[in-house]
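Have the chain open in your viewer and follow along.

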Amino acid sequence: MQNKRGRSRKIRISAIAMLLAALLGGVLLSQAAGAAISKPGPRSTDAVNPLALSPASKKQLTAAARERLANDRLRRQGALKITPAPGTGVQKTALAATALAAPAGTSALVLYDNTGPYGQLGELYAMATANLAGHFGTVTAKPVSAYTAGMVNQYTATVYLGSTYYGGTVPDAVPAAFYQDAMATSRPVTWIGDNIWNMAGAVGIAQFKQKYGWDPTNSYYESGGSVGNINQVTYKGQQLTRQIPAGQDGGVLHPALVTGPGIPAVTRLADAKDATTGAVSPWAIRSSNLTYLGEIPFAYVSESDRVIVFEDLLFDALAPTTAERHQAFVRLEDISPKSDPAQLKTIADYLKAQKIPYGINVIPVYTDPKGTYNNGVPETLTLAQAPAVVTELKNMLAGGAVLMNHGYTHQYGTANNPYNGVTGDDFEFFRAHIDTANNVVLDGPPAEDSTAWAQSRITQALAGFTAAGLPKPALWTTPHYAASATDYRVLGQNYSARLERSLYFAGTLTGGTPDNSRYIGQFFPYAVKDVYGTTVLPENIGNYEPDPYNNHPPRLPADLIASAKANLAVRDGVASFFYHPYYPLAPLQQTIEGIKALGYTFVGPTDLNR
């Protein structure tokens, strides 16, 4: 993904640290540990959009947050008019009257909002939820308006994502049958975000309080006239981050817990803390069959984010007997015909001595079409033309490494995409540019993007491995984690799994034409079957990077270790990261030793899919 070459190849002392959202503190390295082998080239994002949402969807999110708070103030004043969904008052005993057998195996029903001016956000959140639920079994995702009576009993568990605040000019799209069934069923229901107060109104506020021990109709996103400065969520002893840009925070609902004769106790699963006031309030609660999260956690995420809470709570709903297990995985990144065989050997010898399984992400063709790193002379090199590199790759495979395909050329023609057209620096399956604020902006698939185009690049890449006498890679990692929905499906036809972070585009759930301007980026703490129908193995910790770039801070071993620690909250989760072998050995050693000390066991990629 990131290239680290220079024309002179002189030893230099690098600054210290990297990637996707400032996390926790760093560790000081000795001068030797911080030495890099060459002058660094440009950088590009090794992760999905750090905002999790595309710029177009981010604008919707900002507007939706403002509207949410405005509606919530009206609701507090008793001035929010809510138009019930069609059919309200019908089928009051729908669940009891409809006997539907549960299907074999674990299954999840994901319901989402898709109406109102910000309805597209609902599908993005639903894809993220469906992907996570795909770790456990089959998933059905549909607009909540399509819910029919008794449906909750057809599935192991149901998740509703309240992303549209119903009221005013937007009628309630939640059928009365769902409100009633969610109350009546004994199966787990997870409710996230808006409209829980409408459920209480539909089933009876007194009845809701008697069963669940809190009053949604007296619960609001603001406290003291403000959403506050909630920047931390504590769950299972782990302090998780919550980093929302100023002016874009839609708040966390503060549930009004109640007490009294016969009122059940509410379990506080996770707590939110206000950094300014120190106030602590529930972020996630559970009583009876209902688990409630006070916000949708898929926007503005990082490797140690509060989304980890939801990732773990899904076990309660879909696999409650899962035993505690913490696995780790490391892959070596951006190995190409231009790699230094001695550096590869140094890293491989260490990993073999430590008996650590690992993956090797290999780019079969290196190209520098404008001679950026070759004194202005274009240069192209294949694996077959780099026998010393191939020898080291074969030695790695003999030592237990797993071969992974990391694109064909990991760049796009002669274009600056976004930097210089050089292998490892640029995107291959997506166009990108750098804006005036020094951010990498994703523009969309290339004009020629198609099933045939994507397949041709994969076919050429696989031919490059064959010509070098290497086996076919079983796994794939998309260059810079960006491709179109079409490309992802083609990749799923050629490889047993992708090991990466991914983009998910609006229109995917509905079967329409994907909207490349609206997407959500996601990474996983465990293997999933995603909405493209492909298996995705986790990369959720990021990578060591000692230099800041494109408004991303440095990222040191201590940051990777801190993220691994946060992910201990996932009862059967993975701490998966990658490392560029052009960096010295010491930071890799520090990272591996730190993750081991947390109780993780390093495994190979095939173990991640079990």
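Start at Glu539, which is buried, with a relative accessible area of 0%; buried here means under 20% relative accessible area, exposed over 50%, and partly exposed in between, using a 1.4 Å probe and protein chains only. A word on the source: this is a predicted model, in which local features need pLDDT of at least 70 and side-chain atom pairs count only at pLDDT 80 or more, while totals for chains, interfaces and linings use all residues. Residues are numbered from 1 along each chain as its sequence is written, and side-chain values use heavy atoms, with hydrogens and water left out.

What does the side chain of Glu539 meet in a salt bridge? The partner is Arg501, at 2.8 Å from N to O. A salt bridge is counted when a side-chain nitrogen of Lys or Arg lies within 4 Å of a carboxyl oxygen of Asp or Glu. This pair links distant parts of the chain, 38 residues apart: Glu539 sits in the loop between β26 (535–537) and β27 (542–543), and Arg501 in the loop between β22 (497–499) and β23 (502–506).

Side chains of opposite charge can pair when their charged atoms come close. By the salt-bridge rule, the count comes to 22. One of them joins Arg242 and Glu295, again at 2.8 Å from N to O. These two also connect distant parts of the chain, 53 residues apart, with Arg242 in the loop between β9 (238–241) and β10 (254–257) and Glu295 in the loop between β13 (290–293) and α7 (307–318). Arg242 is buried at 3% relative accessible area, and Glu295 is buried at 6%.

Now turn to helix α8 (residues 341–353), where Asp349 and Lys345 lie four residues apart, about one turn of the helix. Their closest N and O atoms are 2.7 Å apart in a salt bridge. Are these residues buried or partly exposed? Asp349 counts as partly exposed at 39% relative accessibility, and so does Lys345 at 41%. Elsewhere, Lys236, Arg286, Asp312, Asp316 and Arg571 are linked in a network of salt bridges.

Asp72 is buried, with a relative accessible area of 3%. Leaving aside neighbours within four places in sequence, Asp72 is in contact (heavy atoms within 4.5 Å) with Tyr165, Tyr220, Tyr221 and Glu222.

Finally, look at strand β14 (residues 325–335). Ten of its eleven residues are buried, so β14 is largely enclosed by the rest of the structure. Strands are said to pair if DSSP finds at least two bridges between them. Eight bridges join β14 to the parallel strand β28 (residues 572–579), where Ser576 is the bridge partner of Phe329. With strand β29 (residues 601–602), β14 pairs in the parallel sense over two bridges, and Ala328 stands opposite Phe602. Three bridges join β14 to strand β15 (residues 359–362), also running parallel; here Arg331 has Gly359 as its bridge partner. From β14 the chain passes through α8 to reach β15, in a right-handed β-α-β crossover. Right-handed means that, with the strands pointing away from the viewer, the path from the first strand over the helix to the second runs clockwise.
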